[in-house]
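Hello,

Here is the structure for you to pick up. Please open it alongside this message; my notes on it follow.

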Amino acid sequence: MILIRHGHHHTEAISATAPRTDFEHARNRLHVKAVPDSLPCREDEFLEIQEHLESAIEEGTGSCIYISGVPGTGKTATVHEVIRSLQTKAEEGEISPFQFVEINGMKVTEPSYAYVLLWMALSDQKVTANHALQLLEKQFSTPGPRRLPCVVLMDELDLLVTAKQTVMYNFFEWPNWLHSRLIVVAVANTMDLPERMLSNKVSSRLGLTRINFQPYTYQQLVKIVESRLEGIKAFRREAIEFAARKVGAVSGDARRALDICRRAVEIVESNAQKAEEQRLRVAQKNPFTDLGPTHEPEQVTIRAIKEMFASPNVRLIQTASLHQKLFLVALTLRLRRLGLAEVEFSEIAHAHLQMCRLQNIEPPMLSDLSAICASLGSSRCLLVESGKHDIRQRVRLSVSEEDVIMALKVDPLFRRLLDTLPSAPAT
């Protein structure tokens, strides 16, 4: 699915039926895809992006903002909130109307398909990538006073990287053209992607406005989780603080904090359900025994969060086969070295076989590696691009890097391999 949006940004319905209990309510609200009414702790970034976009729309000029920050720091969510706010202003006549297009690098089969999507949004015509490129260049170099400004969100920009970098270069260059009226908001995980991919000389000439989203602090993570749980009595405050401290110390990733709290809710519900089932079994055997009231789930406590940190993911990884573990390490190394969110199967396979050679391990066949990748996908350790079963297939971790490291560092072989992990994306 490719996202091209005009008009309102719709929130995603997480549950088809109305939640019956506080726990169900909490699970829905803590879902990473649930769009909150407002985004706490990113007010400064919101204002900076909004002011920048608003002035470019009003002046009818091109502009380019480059937003970077590690995953889970609210980059895309903040841009979506800015766009919703500007669309409301445009509908109420406070600012000029504009078009909005979203191109997500993770959902584009080829980087050059970004040209096709942009031209489709501007003209409602679907043409080939080369033809779209020609038509875009013609339009952006021709005066069009009645043409609406176009805001393009290029999300997961890391994944639109090509050998010659022409796609990234063009999207950064076009806003500088006098008649383009193109406003590009590029979102990436890597702070220095333009320098690394386009050379310092080119990137400094492009005049990008840069905004870097810092990882959330412990206090901000508490605020984010609490804002989702307003009016819901499913959590003890110290449990939220404990989860936020754990995540704040490792990554500052809000999605991880929400995920942990959501899974802690599931653990508490599951424990209550088991207790209730046990009560009913006793009732069947001894119909005259007074069993007391039904077991209601208790509030989520620190114990539930700790249970969450004795993560099922860690246990799952520890029970994997040798080559499944090697595949996870190869993927983690590639992701960390490149500073990307996902990589192609061929790159992981290359790193995997290289590790086998270095450690004198019998290397698997490529078909075996493909089966290993599929098995890790079905056990939810990996997210594997669907509908594609070749070496270009994209793969990302579905568990966190910390889970992989925590599960494998107890083994001397994997500790040696993980010791080569760069602490930050390579420059």
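C150 is buried, because its relative accessibility is 2% and the cut-off for buried is under 20%. C373 also has 2% relative accessibility, so C373 counts as buried too. Please keep in mind that this is a predicted model.

How many disulfides are there? The count is zero. A disulfide would be a covalent bond between the sulfur atoms of two cysteines.

Now the charged side chains. The count of salt bridges comes to 15.

1. R263 and D259

The closest N and O atoms of R263 and D259 are 2.7 Å apart, and the two form a salt bridge. Where do R263 and D259 lie? Both sit in helix α11, residues 254-285. They are four residues apart, about one turn of the helix. D259 is partly exposed, at 28% relative accessibility.

2. R334 and E347

R334 and E347 form a salt bridge through their side chains, at 3.1 Å from N to O. R334 belongs to helix α14 (residues 322-338), while E347 belongs to helix α15 (residues 345-358). The pair therefore ties together parts that are 13 residues apart in sequence. Are R334 and E347 buried or partly exposed? R334 has a relative accessible area of 22%, so it counts as partly exposed. E347 has 27%, and is partly exposed as well.

3. R394 and E342

The side chains of R394 and E342 also meet in a salt bridge, with 3.9 Å from N to O. This pair links distant parts of the chain, 52 residues apart. R394 is in strand β8, residues 394-397. E342 is in the loop between α14 and β6, the latter being residues 343-344. Both partners are on the buried side of the cut-off, which is under 20% relative accessible area. R394 comes in at 12% relative accessibility. For E342 the relative accessible area is 5%.

Which residues are joined with R394 and E342 into one network? E156 and R396 are. The four are connected through salt bridges that share partners.

To recap for your set-up: C150 is buried, and C373 is buried. There are zero disulfides and 15 salt bridges.

Over to you.

Best wishes

Key: Residues are numbered from 1 along each chain as its sequence is written. This is a predicted model: local features need pLDDT of at least 70, side-chain atom pairs count only at pLDDT 80 or more; totals for chains, interfaces and linings use all residues. Side-chain values use heavy atoms; hydrogens and water are left out. A disulfide is a pair of cysteine sulfur atoms within 2.5 Å. Buried means under 20% relative accessible area, exposed over 50%, partly exposed in between (1.4 Å probe, protein chains only). Helices (H or I, at least four residues) and strands (E, at least two) are DSSP runs, numbered from the N terminus.
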